[in-house]
Amino acid sequence: MSNIVDARGLSCPQPVLLTLNEMKKINKGEIVILVDTDTSKENVSRAATTQGWNVKSVEPEGIGYRITVSKE
Amino acid sequence: MTTIKNFFATRWGIISVGAFIGVFAPLLQRWGNPANMGICVACFDRDIAGALGLHRAAVVQYMRPEIIGFVLGSLIAAYVFKEFRARAGSAPIVRFVLGAFAMIGALVFLGCPWRAALRLSGGDGNAIFGLLGLIGGIWVGTLFLKGGYNLGRSQKTHTSVGWLLPLIMLGFLVLMLIFPQVQGQEKSGVLFYSVKGPGSMHAPLIVSLVIGLLIGFLAQRSRFCTMGAIRDFVLFRQTHLLLGFITLVVVAFIINLILGQFNPGFAKQPVAHTMSLWNFGGMVLAGLAFCLAGGCPGRQLFLAGEGDGDAAVFVLGMIVGAGISHNFGLASSPDGVGPYGIHAVIIGLLTCLFIGFTMRKEVA
């Protein structure tokens, strides 16, 4: 079961901030982040990569995206 | 399309956009814009307020086509790359107030972060205090962000909501064409123009507009943001946006050297004053307000162009703030701060603290 961060409708830098908080909380595993702009999609993916997390998939969902990141 | 899309989200993408602005801002000065003011979003919004008669400071009245171009260029990019998303409803009144105080702070320093960078690259040492203030204000903002500050979610809305600010900008452009500047006259139809001072100095309309459109387009693609540059570094040690901002300063410095526009010093710098404490203080206020609102004044224009109705409200707050700033004697001049500038900075900081402390969590 993945942890879900719903960052839809939130402006910069909330999506990244919420994602990083979740990463700190669970340390490893899988997180699903929901965003609704391309900017947030890029920012979250970039932040995940710099934190050593793997961006597993980015799928369109609704008007935004569903990003899945994971760390072993 | 995808390759271009990915390119601007990359490190070299943001660097190239910083370089583009770094080349064309000093060139705009060569082509007529005021010194160290090739592009200044705050000053240009202020000039627009003057052109509309929202304030009557005779030296700063001009409907700046760069601003119009920023919004419309971003709109075009958003549609070309299918990123236009009309959204609104994330505490608009707060964004209006933040926009107004951001403008008031910026006009105490005499420039937004863009102009702070351009002033520095033109040799104006006073800009160092402004930039330090900007960093200080953003740093305070990041403390609020870490503490859970946020303005709540925006909602998807009617497409036309996202079109309103672009349409207003289009309207401004039409007004300029119907009522063009008449040499030596302060008014043409409904629009005010400056006969002397910074408002009288401008590149030809078409040049300003085209460069504005190009920057708007590129900045929408790259998410260029001068406040985000510093914020992301302070908050996450993320250097992505910072690279773009630093590139702007370095490239503008080189171009200024080539054009003979680099004049190092503190005294008698163009459209600047030497009251270091208030160059610093004004930008603390502006930096904090930009940080709490999620973007520098340029970024707010680009967001408004891609459909963000809340960013549009921030922009309108800035324009109204400029009116208040000049009508109430809050704005600085080359002689120093205005009669009530310091009071306004303190009230602005208190307002920002109130907003920062009371708007937390509850993002359900």
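Predicted model: local features only at pLDDT ≥ 70, side-chain atom pairs only at ≥ 80, totals over all residues.
Biologist: Is B:R64 buried or exposed?

Modeller: Residues are numbered from 1 along each chain as its sequence is written, chains are lettered from A and ligands numbered from 1 in the order in which they are written, and side-chain values use heavy atoms, leaving out hydrogens and water. Buried means under 20% relative accessible area, exposed over 50%, partly exposed in between (1.4 Å probe, protein chains only). At 0% relative accessibility, B:R64 therefore counts as buried.

Biologist: Which side chain meets B:R64 in a salt bridge?

Modeller: A salt bridge needs a side-chain nitrogen of Lys or Arg within 4 Å of a carboxyl oxygen of Asp or Glu. B:R64 has such a contact with B:D47, at 2.7 Å from N to O.

Biologist: Which residues are joined into one network with B:R221?

Modeller: Let's start from the salt bridge of B:R221 with B:E83, whose closest N and O atoms are 3.3 Å apart. Both B:R221 and B:E83 are buried. Salt bridges that share partners join B:R221 into one network with A:E42, B:E83 and B:R223.

Biologist: B:R299 is buried yet has no salt bridge, so what is the nearest side chain of opposite charge?

Modeller: Lys and Arg count as positive, Asp and Glu as negative, with His and the chain ends not counted. At 4.6 Å, the nearest oppositely charged side chain is B:E306.
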